[in-house]
Amino acid sequence: SSPEAVLDLSRALDRLEVFDPRKAQLVELRFYLALTMDEAADVLAISVATAERDLKFARSWLHRELHPAPSV
């Protein structure tokens, strides 16, 4: 990961936090703190199934933010 990529990810996470703070916190718990899905779900007081759905959404959202479709 280049420094630019890390900065881009940090900015995208900031935007996700404005859109949905819980999903942004879940990403941080899973990838920055390396918590398991069970641990992250416990911290957020949500079910593992909800955490899995939230993470799937967050990953997709972040991917779209980091790799936008070209304008036509």
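Predicted model: local features only at pLDDT ≥ 70, side-chain atom pairs only at ≥ 80, totals over all residues.

Visitor: Okay, and which residues of α2 are buried?

Guide: The buried residues of α2 are Lys23, Ala24, Leu26, Val27 and Leu29, and what covers them includes α1 (3-19), α3 (37-44) and α4 (48-66).

Visitor: Why does Lys23 count as buried?

Guide: Lys23 has a relative accessible area of 10%, and buried means under 20%, so Lys23 falls in that class.

Visitor: What is Lys23 in contact with, then?

Guide: Leaving aside neighbours within four places in sequence, Lys23 is in contact with Leu16, Asp54, Phe57 and Ala58; as for Phe57, the charged end of Lys23 sits over its ring, 5.2 Å from the centre.

Visitor: Switching topic, how many aromatic pairs are there?

Guide: The structure holds 2 aromatic pairs. In one of them, Phe19 and Phe57 are stacked, at 6.1 Å centre to centre with 15° between the planes, and this pair links Phe19 in helix α1 to Phe57 in helix α4, 38 residues apart.

Visitor: And the other pair?

Guide: Phe19 and Trp61 also form a stacked pair, 5.9 Å centre to centre and with 15° between the planes, so that ring pairs link Phe19, Phe57 and Trp61 into a cluster.

Visitor: Is Trp61 buried or exposed?

Guide: Trp61 is buried, with a relative accessible area of 10%, whereas Phe19 is exposed at 51% and Phe57 counts as partly exposed at 33%.

Technical notes. Residues numbered from 1 in each chain as written. Heavy atoms only, no water. Buried < 20%, exposed > 50% of the residue type's maximum accessible area, 1.4 Å probe, protein only. Contact = heavy atoms within 4.5 Å. Helix = DSSP H or I, 4+ residues; strand = E, 2+ residues; numbered from the N terminus. Phe/Tyr/Trp six-rings, centres within 6.5 Å; stacked < 30°, edge-to-face > 60°. Lys NZ or Arg CZ within 6 Å of the ring centre and 35° of its normal.
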